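I am opening my notebook to record what I looked up, one topic at a time. Please look at the sequence and the structure before reading on.

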Amino acid sequence: MAANKIHAIYTDDDLLLQAVKQVRAEEYQISEVYTPFPVHGLDEAMGLAPTRLAITSFLYGLVGLAVAVWMMNYMMIVDWPQNIGGKPSFSFHQNMPAFIPIMFEMTVFFAGHLMVITFYMRSRLWPFKQAENPDLRTTDDHFLMEVDVENHDIDKLAEFLYNTGASEISLVKTEEAH
Amino acid sequence: MSSHYEAPIREPLVLGEKSYHDVSVEIGAPILGRANKSWWIVFTISLVAFLWGLGCIIYTVSTGIGVWGLNKTIGWAWDITNFVWWVGIGHAGTLISAVLLLFRQKWRMAVNRSAEAMTIFAVVQAGLFPIIHMGRPWLAYWVLPIPNQFGSLWVNFNSPLLWDVFAISTYLSISLVFWWTGLLPDFAMIRDRATKPFQKKIYSILSFGWTGRAKDWQRFEEVELVLAGLATPLVLSVHTIVSFDFATSVVPGWHSTIYPPYFVAGAVFSGFAMVQTLLIIMRKVLHLEDYITVLHIDYMNQIILVTGGIVSVAYITEYFMGWYTGMPYENYVYLSFGAATGPYWWAFWALIICNMVVPLTLWIRKYRRNIIWTFVVSIIINIGMWFERFDIIVIDLSKDRLTSSWTLFQPTFVDIGTFMGTIGFFFVLFLLYARTFPVISQATLKGILKSSGEGYKRLRAEHGDDVSHVQQLDQGDFGPAANISHKRFDNSFAYSRNPVATNPSVPSEQVRQGKIAQLLANIGVFDAKIETQDDLQRINGVGPVLEQKLHQIGIFTYTQISRMTDVDYELLKEIISEFPGSPQQDDWAGQALILKNEK
């Protein structure tokens, strides 16, 4: 089955948000929305699940903290204990206060970088990745809503989308899966 | 009440009646256009300074740090002064992007990009000094905890200097990804607006294939927020740790418990001063006065005022404590009667005047909003903050515990040259940035346009808060332009949006002739007897087909096109069906004017 889609272009964020709500109320399936800037409330209106990146960041931070503790304990206490300025390093808890700055830095380092890498991987962003926005104007001032045609009447759907305020509508025929 | 409501008492953050498209055009303009002469002049000067500094660094490394003015008493001087100065400057960017994001300050969006760029470039300069100071910079990797040939002799995790290594590299790398993540949508905008293939290719790589899906934006906003939450304690930790370099020592004047908060405040103080210096020039050169307004400058001056106040209180506290201990030795620390009247009196008073006295003028609103005065103050603060670090390091060291070893510091040309070189390097990086990067985070700025833009504010003032904020666009069709190849577009729907055009009672040819007459009345009629026709294809955006169509209308010369305004472009689009490209965007009139003058 060819998964045909309709691309409806809007020229305003308020109009788009309203249209998204109307389209969903009519139980049409919105497969994607491309916007030039974050439109507040769009994810809720589209029914997107909240992102869990903040949780991953917290977990990565814990990993960073654990690595820092393990690293400094191994290097300063276990592997090569030294007497630095009369402050011998033979037990972790007595040396711990001096380790706090690096524990903190490592926590932030892991939490920040691994979260960003996760974001890039999940959203498929990396150098030499080809952009996939169907219309070049969607990074400037146009808003594109991609609606699955499924087995709806195309003319009725198009008419309906015009009434929601779309300024341009095009039918996109996707080739058979190969 | 509209969701875009903002208290009318708040001044607009974006001046002029801007649409989303205007924002893209005006922020993309410096990148897509050509560099002007003044850019090249400043760039050349910076490059010469940088090369001179590079020469000094090579001389230092090949000969040894004996070429600096250091002596037995003063073992740290300009190098560490410059290091702390640059790190301090590198604090404003993250403060603007992180702390102000957490506080939901909308004005940050016009300045955060450049402030973050400045941060990264300043931290790069700062990082140079400890590496040069090592004497053998090729062994710089010894500061990392890696197994080595000495039976795995590890680095000392008790040392503040090692904390510095971790703090500054974490800060630099986190600032970099924060900056770059924010840049992705803006690079994507440039990518999609660029017409030259090479430019398009470059921005396509830089933008990591950003497409602006709703889910991506949701993640983007979450990532920005979490990074801000991480960067806020990080930025405070960095200068705290830098201050530990001094505070954990036993040198009087350095061994001070108020150093961490005082250093952080001082860093923000100097960082904002540098942001002011750069942005006041940049807004003028790149014509961004509508985005970086006097209001932004006022807000930044208020932060300078607060942090400057904290620094002043710290100075007074230090002075008081030095006196209150009653120890004669404390009379020689950098904030004391001894310092004010001793051989370094000039450095002491430079500090007091530049950092405590001059910024007080910013209490007056008129001065806070005076761009020239703000610029002068920002330069003075930069100088003052350099003296603060110089005073802390050199004055405190110059009179040590052994009277016989009291001495002064004399910088050599290498000290001065290296410092000038880093300033040159900093400006080289910043100038390249200003030419190639979107200097304002236009995507997030568009998000506040309806609440804080002047045009929309006026709309609400005139028509009430419930007025529709929907922007009316009437643009020519660009045709099926897409980043996906092999994709078929079927424009099978013939719904018309413009009932006038299809009104059968008016013959469309008659309307068309009327429009042509109107257009020619605006731009002038071509007279073949006295004029010769020009090669219109030299105008970027005009191809052979379009040239033919222009000839059919009666447009033959650059002179005619150079007279075109937005009204004429619209007429032209209505006359020529399926008009390709955008004359506004390509600035036909401007191009034609240049070509006309070249003749």
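Is B:F208 buried or exposed? I found that B:F208 is buried, because 22 other C-beta atoms lie within 10 Å; the rule I used calls a residue buried if 20 or more other C-beta atoms lie within 10 Å of its own, exposed if 12 or fewer, and partly exposed in between, with C-beta atoms placed from the backbone.

**Conventions.** I noted that this is a predicted model, in which local features need pLDDT of at least 70 and side-chain atom pairs count only at pLDDT 80 or more, while totals for chains, interfaces and linings use all residues. Residues are numbered from 1 along each chain as its sequence is written, and chains are lettered from A and ligands numbered from 1 in the order in which they are written.

**Loop residues of chain B.** I placed B:F208 in the loop between α7 (197–206) and α8 of chain B; helices here are DSSP runs of H or I with at least four residues, strands are runs of E with at least two, and both are numbered from the N terminus. The phi of B:F208 is near 55 degrees, which is a positive value in a residue other than glycine. I then looked up B:H287, which sits in the loop between α9 and α10 (294–324) of chain B, and its phi is also positive, at about 55 degrees, although B:H287 is not a glycine. B:H287 counts as exposed, because it has 12 C-beta neighbours inside 10 Å. My next entry was B:R538, in the loop between α18 (508–523) and α19 (544–553) of chain B, and with 14 other C-beta atoms within 10 Å it is partly exposed. From C-alpha to C-alpha, B:R538 and B:V143 lie 58 Å apart in space, and they are 395 residues apart in sequence.

**Chain B as a whole.** I counted 23 helices and one strand in chain B, and its C-alpha atoms fill a box of roughly 105 × 55 × 50 Å along the principal axes. Of its 599 residues, 43% count as buried.

**A covered helix.** How many of the eleven residues of helix α4 (residues 92–102) of chain B are buried? Nine of the eleven are, so this helix is largely enclosed by the rest of the structure. Among the buried residues of α4(B) I listed B:A92, B:L95, B:I96 and B:L101, and what covers them includes α5 (108–133), α6 (160–193), α8 (214–247) and α9 of chain B. Just after α4(B), I noted that B:R104 takes a positive phi of about 55 degrees.

**Helix pairs in chain B.** Two packed helices are described by the angle between their axes and the distance between the axes. The axes of helix α9 (residues 259–285) of chain B and helix α14 (residues 371–398) of chain B come within 8 Å and cross at roughly 140 degrees, where axes are lines fitted to C-alpha atoms over the stretch in contact and angles run from 0 to 180 degrees between N-to-C directions. That makes α9(B) oblique to α14(B), since angles under 35 degrees count as roughly parallel, over 145 as roughly antiparallel, 65 to 115 as roughly perpendicular and the rest as oblique. The crossing of α9(B) with α14(B) is left-handed, meaning that the near helix is turned anticlockwise from the far one by less than a right angle. Residues of α9(B) in this contact include B:F269 and B:M274, and those of α14(B) include B:F375 and B:M385.

I also looked at helix α2 (residues 37–63) and helix α15 (residues 413–436) of chain B, which pack at an angle of about 140 degrees with their axes 6 Å apart. That makes α2(B) oblique to α15(B), and their crossing is left-handed.

**Domains.** Chain B is divided into domain 1 (21–406 + 413–455) and domain 2 (508–598), with bounds that come from an automatic or database domain assignment. Taken over C-alpha atoms, the centres of these two domains of chain B are separated by 50 Å.

Conventions:
Contact = placed C-beta atoms within 7 Å.
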